[in-house]
Amino acid sequence: MKIRTFSAMIPAVLLIAAAVAAQPVTVENLEAQDSPDDAGGAVELLWSLSEGTDFPDSITVLRRAPDGSMELVGTKPGVSTGHVDTGLENGREYGYLVRVHRGGEVAAEHGPVSAVPAAQWLHSKRWGMLLILIVLAGFILYFIEQGKKGKELYIRQIAGLAAVDDAVGRATEMGRPVLYVPGIMDMDNIQTIASMVILGRVAARTAKFGSPLLVPVSKSVVLSVSQEVVKEAYLEAGRPDAYQSDNIFYLTDDQFGYAAGVDGIMVRERPAAIFLLGTFYAESLILAETGRSVGAIQIAGTAMPSQLPFFIAACDYTLIGEELFAASAYLSREPKLLGSLKGQDVAKLFFIAVIVLGVLAFTLGDLWEPANEVAGFIRSLTRVE
Amino acid sequence: MRLYVPLAITFIAGMIMILEFFIPHQPFPTLGDGVKDWYTIVASSAIFLGVLNLLRVHLKKIARRRKHWRYSPVTIIGFLSMFITGVAWGVTEETPFYYLFNEMVVPMGATMFSLLAFFVASAAFRAFRASNWRASLLLASAFLVMLGRVPIGDIIWRWIPGAAESSHPYLVSEIAEWIMQVPNMAGQRAILIGAAMGVVATSLRMIFGIERSYLGGGD
């Protein structure tokens with residue numbers, strides 16, 4: 001009996017479902033607001049679409065002109081839920097209408113809504129990052145001052161950097177060159193910049209020991225900077241005569257062309273020490289394994305997590321992530337730079353504490369509501385859009 | 001002067017980029033775009049430096065018959081072939097440049113890339129040698145990940161009586177996924193967070209002129 005009643009209901013249910021499905025979709029909850037986090041001059045119109053599958057052909061956005069007439073400022077597809085009107089004057093109120101079009105006719109009109117565009121002085125979704133930057137800069141500046149005052153700053157030993165002198169010395173003893181590969185990215189990459197800083201330190205040592213230094217590069221700007229850095233290091237070491245500009249040369253911008261060129265240099269010149277420091281992608285292991293095959297002592301370093309295992313497997317020493325950026329301070333032992341490194345480490349400890357607090361708060365959130373609020377605050381602090 | 005002008009440029013450009021990130025108000029977006037445009041202009045112009053350096057180094061090598069000079073004509077001929085065909089006939093489809101690029105440059109690049117498979121094998125052989133407990137742990141986790149990433153891993157597991165009907169019929173791939181998503185991801189994120197801090201600290205050191213070695217000595 002029950003089964004029969006249910007069967008009788010099926011057509012009715014299907015009819016209702018079909019009616020709902022065919023129901024025309026229209027615009028709901030239309031609102032206008034100043035476009036957030038910009039230099040002003042823009043208004044954001046947002047709306048939602050009602051339930052159904054019969055979407056409109058198009059949705060148009062009209063803005064009220066100074067003379068009171070409406071002018072078309074945007075035509076959107078029938079599935080869109082927003083529009084940003086740009087090129088406006090800050091501080092002036094703008095009124096809008098949104099029209100829904102079907103079959104060439106205006107099926108519905110929504111609005112008017114209005115908003116006043118304005119510029120913002122602080123990006124609302126980046127204040128957390130600003131706070132982090134201020135904390136980090138604060139720690140760094142404090143420890144730089146400590147370093148300047150002559151306070152002894154303990155920096156843990158980094159094996160890869162402690163081996164730089166050994167590697168260059170080995171090349172000198174063997175009468176073979178030192179090969180320095182600064183990665184495949186341009187000077188707008190911070191790892192390449194860090195690599196240039198280390199190149200200066202390595203060049204100072206090759207100048208002192210008298211070993212030839214080969215620097216093949218894959219970007220023209222990097223070529224220019226490398227030449228300057230090495231030249232200055234040789235001048236500083238009092239060996240301008242030993243500087244060979246032809247030893248710092250451009251190969252190609254092509255990733256695997258560059259890898260082939262560097263591999264060729266490794267096989268032909270058989271360097272005794274190879275430095276692979278900078279940004280590397282798929283060519284990392286091709287370079288490191290070839291370097292290993294020629295018996296060179298290899299010191300690699302990158303902040304690319306996906307390439308680190310390759311370097312660890314194929315090189316003698318690997319600078320992992322932040323160690324690449326710490327290299328200059330470590331090698332120079334200059335108090336100001338060591339102070340900045342110490343500040344960075346203390347800031348890291350602080351942020352580890354914040355991360356642990358966030359994890360604990362999120363975990364306890366199910367049991368204790370205030371913990372959820374703490375977790376939410378930390379999440380908003382660390383989120384950047 | 002030679003030291004202070006670059007330091008001033010670095011400070012101004014760096015501060016503009018920092019302020020542009022946090023302050024959407026004019027004039028910072030315009031100034032930030034300007035700095036980026038300048039970098040693009042400088043980098044585009046610098047391509048000639050690279051080309052000139054390539055030609056100069058190799059022509060010098062040939063002229064002075066330096067060690068391995070015989071490779072240099074190959075480089076110069078390769079460069080000139082691409083340059084001349086590109087300038088004379090353009091770089092669109094059905095041109096000699098396009099042919100040279102697709103039939104020579106691309107296969108040669110692919111050949112270099114394919115070498116990676118062999119290098120991965122040789123590096124893995126060395127890295128996974130169970131010489132101590134840490135290397136053994138690495139070997140075990142690598143073995144499970146490799147096995148879990150191919151169908152045969154779960155097939156082997158399901159051969160065990162009762163495994164297919166258990167609550168984990170795809171246990172090997174589940175373990176591989178767990179290794180990748182939990183310990184591996186945690187390690188990667190730790191490296192990334194450390195690197196990000198290093199990036200910020202290095203940038204601050206340069207912007208404020210604390211790190212000057214890239215200008216050549218002069219700490």
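**Entry 1: chain B overall**

I began with the contacts of chain B that have a separation of 6 or more, and found that 32% of them join residues 24 or more positions apart. A reminder to myself: this is a predicted model. Next I listed the elements of chain B and got seven helices and zero strands. From the N terminus on, the order reads α-α-α-α-α-α-α. The radius of gyration of chain B came out at 27 Å, well over the 17 Å that the globule rule gives for 219 residues, so chain B is more spread out than a compact globule. I also noted a box of roughly 75 × 50 × 40 Å for the C-alpha atoms of chain B, taken along the principal axes. Buried residues make up 17% of the 219 in this chain.

**Entry 2: where the chains meet**

I then followed α6(A), residues 220-236, to its partner α2(B), residues 28-63. The two helices pack at an angle of about 70°, with their axes 7 Å apart. That angle makes α6(A) roughly perpendicular to α2(B). From α6(A), I wrote down Ser220(A), Val221(A), Leu223(A) and Ser224(A). They meet residues of α2(B) including Val42(B), Ala46(B), Leu49(B) and Asn53(B). By class, this helix contact has seven nonpolar, four polar and no charged residues.

**Entry 3: cores**

Which residues touch the most other members of the largest nonpolar core? They are Tyr180(A), Ala203(A), Ala273(A) and Leu276(A), out of 100 residues in that core. Helix α5 of chain A, residues 190-209, gives the most to this core, with 11 residues. Apart from it lies another core, of 11 residues, and I spotted Val27(A), Trp47(A), Tyr96(A) and Ala115(A) among them.

I went back to Leu276(A) and left aside its neighbours within four places in sequence. Its contacts then include Val181(A), Leu287(A), Phe311(A) and Cys315(A).

**Entry 4: Asn247(A)**

I found Asn247(A) in the loop between α6 and β10 (248-250) of chain A. Is Asn247(A) buried or exposed? I call Asn247(A) buried, because it has 20 C-beta neighbours inside 10 Å, and 20 or more is the cut-off. Not counting residues up to four places away in sequence, Asn247(A) touches Pro212(A), Leu213(A), Leu214(A) and Val215(A). I also checked Pro216(A), which is 31 residues from Asn247(A) in sequence and 7.7 Å away in space, C-alpha to C-alpha.

I looked up two cis peptide bonds. One runs from Gly111(A) to Pro112(A), with omega near 5°; Pro112(A) lies in strand β7 of chain A, residues 105-115. Another runs from Gln26(B) to Pro27(B), with omega near 15°, and Pro27(B) sits in the loop between α1 (4-22) and α2 of chain B.

Then I turned to positive phi values. Asn29(A), in strand β1 (residues 27-34) of chain A, has phi near 50° and is not a glycine. With 11 other C-beta atoms within 10 Å, Asn29(A) is exposed. Arg65(B) also has a positive phi, of about 50°, and is found in the loop between α2 and α3 (71-89) of chain B. Arg65(B) counts as exposed, with 8 C-beta neighbours inside 10 Å.

How values were computed: Residues numbered from 1 in each chain as written. Chains lettered and ligands numbered in written order. Predicted model: local features only at pLDDT ≥ 70, side-chain atom pairs only at ≥ 80, totals over all residues. Core = buried A, V, L, I, M, F, W, Y, C linked by C-beta atoms within 7 Å. Buried ≥ 20, exposed ≤ 12 C-beta atoms within 10 Å, placed from the backbone. Helix = DSSP H or I, 4+ residues; strand = E, 2+ residues; numbered from the N terminus. Contact = placed C-beta atoms within 7 Å. Axes fitted to C-alpha atoms, helices over the stretch in contact; angles between N-to-C directions. Parallel < 35°, antiparallel > 145°, perpendicular 65-115°, else oblique. Nonpolar A, V, L, I, M, F, W, Y, C, P; charged D, E, K, R; others polar. Rg over C-alpha atoms; globule rule 2.2 N^0.38 Å.
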